[in-house]
Structures are given as structure tokens and as C-alpha cells.
Amino acid sequence: MKIVPLSAFSDNYIWILIEGNRCVVVDPGESAPVEDFLAEYGLTLDAILITHHHADHIGGLPALARRYAPRVIGPDDPRIPGLSQSVGDQDRITLELGQRTLHFEVFAVPGHTLSHIAYFGEGLLLCGDTLFSAGCGRLFEGSPAQMHASLKRLGALPDDTQVCCAHEYTLSNLRFAQTVEPDNPAIVERIAQCKALRAAGAPTLPSSIALEHQTNPFLRCAESVVQASAAKHARRVSTDEVETFAILREWKNVF
């Protein structure tokens, strides 16, 4: 199976999973890039997976649903139009894609939004705006405790899981990560790799769970160096993971 991060807007990725001439689209914020891609490669759209209700993830959904009549799967949220199947935590979905059957488990990952979900299967994590490469989503609806728990859950997935997040934020996230951990060599190495990729016009994604554990401060809230950096920034002692996460997220909001 081939996976393609299709660019949309200024920094979104619409992930496309391709097997033969059939495909699944994830979080189509725009319809035109998807329609052009399907036409260029002669693909049939079988299904659309939605992680959450924000416009840059569902804006293209009505047009694609009208034109291709795919199966549309997403969280049970009235803000998402046209779902043919609502799913929630620990649900399992099966997608027939040409000669291949895909299996995904659904995780509830509140934080960025309360109804946000992620899909895990086939070695992939389709995580929308919950986990980013070297970062995480802003807390628009959920609490720091909810987002921290969601990230811990995703971080417990196998190290080789490919992290397919929805934005090209990696370099800006890494700059923050390096501020939190200036002596982390994995961050320095990752910055160099990502600068080379972007200079070549290539995406920095997918990442991996292993790489995120090495370079993502929001998955490293139990590390003493991260806790010390957060405490120094907030000017208070912090040895609690959730408090450390909350400090880091507030810090990143204004970084």
C-alpha cells in the first residue's frame, strides 16, 4: 500500500492510502486537490476518514461525498456533515481497498477537540491534530490532563508506527523542542534532516513513534530535563507530568 501526504492550504496534509486503483482519503479540508489527484492517477475513492470537525479537515467533504459517494467515517459529532458511519473509542473498522482489506482501531483522543479520534492500523497512526512531529495540537476544547492522556496513549503504540499527522509544523516544533532541550542530540539531528527535506520540497512526514519519543517534548514530560526546563520557564517547581505538559503547551502557544 502506498501512502501520500497531499498538500492543502498552506501547511495541511490530506493523507491518501492507495492500493491498486482504489484509495482512502483522510481529513479532506479541500476537495480540489483530492479531485485533481484522483483524476491524475485514475483512482477510485472508496472511503473518507475524519478525525475531527475543524474546517481545514472537513471543508472538502461535502463536495467529495456528492461526486464520489464514498463511505464516510468519523466521530459522532453533529458538526461533521454527511457521515455514513460514526465511530468511537475502541471501535474497529474494516476497509476493502481493491484486493486488500485494511483494519483500523479507533482511539478517542480528546484535547485539541473533545470528539477528536485517531485511527491506528496497517502500521499507521492517522492522528489529525493531536500528535504532531515534535509537537501537539492546541487545546481548543479539552484540558491539559485530557491531552496528556491522549498523547500517552498514542506514545504507547509500537515504535515503528508511522505517524501521519495533518500539518507541516515539524521545523517550527523542533525549534521549540530545542529551546526546551538544547542539549538533546536527537533534536539537532532531526532539525538537519528536516531542513534538507524541506529544501528539496519534500514533506517531513510521516514521523515515527520512536522518533517522537526522542524529540517531542510533549511525549517527554516524565524526563527530568524537560520538567526542569518547564519549571524554569514557569518559575515554579514542577515534577508532575500533567503540570509539565500544561506549562509546555502554554509556552508553545506564545513561542
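In which strand is the place of Val25? Val25 lies in strand β3 of a model that is predicted.

## Val25 and its surroundings

Val25 has a relative accessible area of 0% and is therefore buried. Apart from its neighbours within four places in sequence, Val25 is in contact with Ile14, Trp15, Ile16, Val34, Leu45, Ala47, Ile48 and Leu49.

The C-alpha atom of Val25 is separated by 33 Å from that of Ala246, a residue 221 places away along the chain.

## The sheet from β1 to β6

Six strands make up an open sheet in the order β1-β2-β3-β4-β5-β6, and their pairing is mixed. The edges are held by β1 and β6 (85–87); each has a single partner strand, so one side of each is left without a neighbour in the sheet. From one strand to the next, the twist averages 25°.

Strand β5, comprising residues 71–75, pairs with β6 in the parallel sense over three bridges. Within this pair, Ile73 stands opposite Gln85 of β6.

## Helix α1

Helix α1 covers residues 32–41, and its residues Pro33, Val34, Glu35, Phe37 and Leu38 are buried. An α-helix has 3.6 residues a turn, so residues three or four places apart point the same way. The buried residues of α1 pack against the strands β1 (2–8), β2 (12–19), β3 (22–26) and β4 (44–49), and also against helix α3 (61–68).

After α1 comes Gly42, which has a positive phi near 60°.

## The sheet from β7 to β14

A further open sheet is formed by six strands in the order β7-β8-β9-β10-β13-β14, again with mixed pairing. Its edge strands are β7 (92–97) and β14 (207–208), each of which pairs on one side only.

Strand β8 (residues 100–108) pairs with strand β9 (residues 117–121) in the antiparallel sense over four bridges. Here Val106 has Tyr119 of β9 as its bridge partner. Helix α4 (residues 144–155) packs on the sheet and touches β8, β9 and β10 (124–128). The direction of α4 makes about 145° with that of β8.

How many of the residues of β10 are buried? Five of its five residues are buried, and the strand is mostly covered. Leu124, Leu126 and Gly128 point one way from β10, while Leu125 and Cys127 point the other way.

On one hand, β10 pairs with β9 in the antiparallel sense over three bridges, with Gly121 opposite Leu124 of β10. The hairpin of β9 and β10 has two residues between the strands, and in it Glu122 takes a positive phi near 55°. On the other hand, β10 pairs in the parallel sense with strand β13 (residues 162–165) over four bridges, and Leu125 stands opposite Val163 of β13.

## Nonpolar cores

The largest nonpolar core has 48 residues, of which Leu49, Tyr119, Leu125, Leu131, Leu154 and Leu248 touch the most other members.

Tyr119 is the bridge partner of Val106, Leu125 is buried in β10, and Leu38 is one of the buried residues of α1. Ile16 and Leu49 are among the contacts of Val25.

## The packing of α4 and α9

Two packed helices are described by the angle between their axes and the distance between the axes. For α4 and helix α9 (residues 241–253), the angle is about 105° and the axes are 9 Å apart. The two helices are therefore roughly perpendicular.

On the side of α4, the contact is made by Pro144, Ala145, Met147, His148, Leu151 and Lys152; on the side of α9, by Glu241, Val242, Phe245 and Ala246. Of the residues in this contact, seven are nonpolar, one is polar and two are charged.

Is Ser238 buried or exposed? Its relative accessibility is 4%, and Ser238 therefore counts as buried. Ser238 is found in the loop between α8 (224–234) and α9.

Leaving aside neighbours within four places in sequence, Ser238 is in contact with Gln227, Ala231, Glu243, Thr244 and Ile247. Between Ser238 and Gln214, 24 residues apart in sequence, the C-alpha to C-alpha distance is 21 Å.

Definitions and conventions: Residues are numbered from 1 along each chain as its sequence is written. This is a predicted model: local features need pLDDT of at least 70, side-chain atom pairs count only at pLDDT 80 or more; totals for chains, interfaces and linings use all residues. Side-chain values use heavy atoms; hydrogens and water are left out. Buried means under 20% relative accessible area, exposed over 50%, partly exposed in between (1.4 Å probe, protein chains only). Contact means heavy atoms within 4.5 Å. Two strands pair if DSSP finds at least two bridges between them. Axes are lines fitted to C-alpha atoms, for helices over the stretch in contact, and angles run from 0 to 180 degrees between N-to-C directions. A nonpolar core is a set of buried Ala, Val, Leu, Ile, Met, Phe, Trp, Tyr and Cys residues joined through side-chain atoms within 4.5 Å. Angles under 35 degrees count as roughly parallel, over 145 as roughly antiparallel, 65 to 115 as roughly perpendicular and the rest as oblique. Ala, Val, Leu, Ile, Met, Phe, Trp, Tyr, Cys and Pro count as nonpolar, Asp, Glu, Lys and Arg as charged, and the others, Gly among them, as polar.
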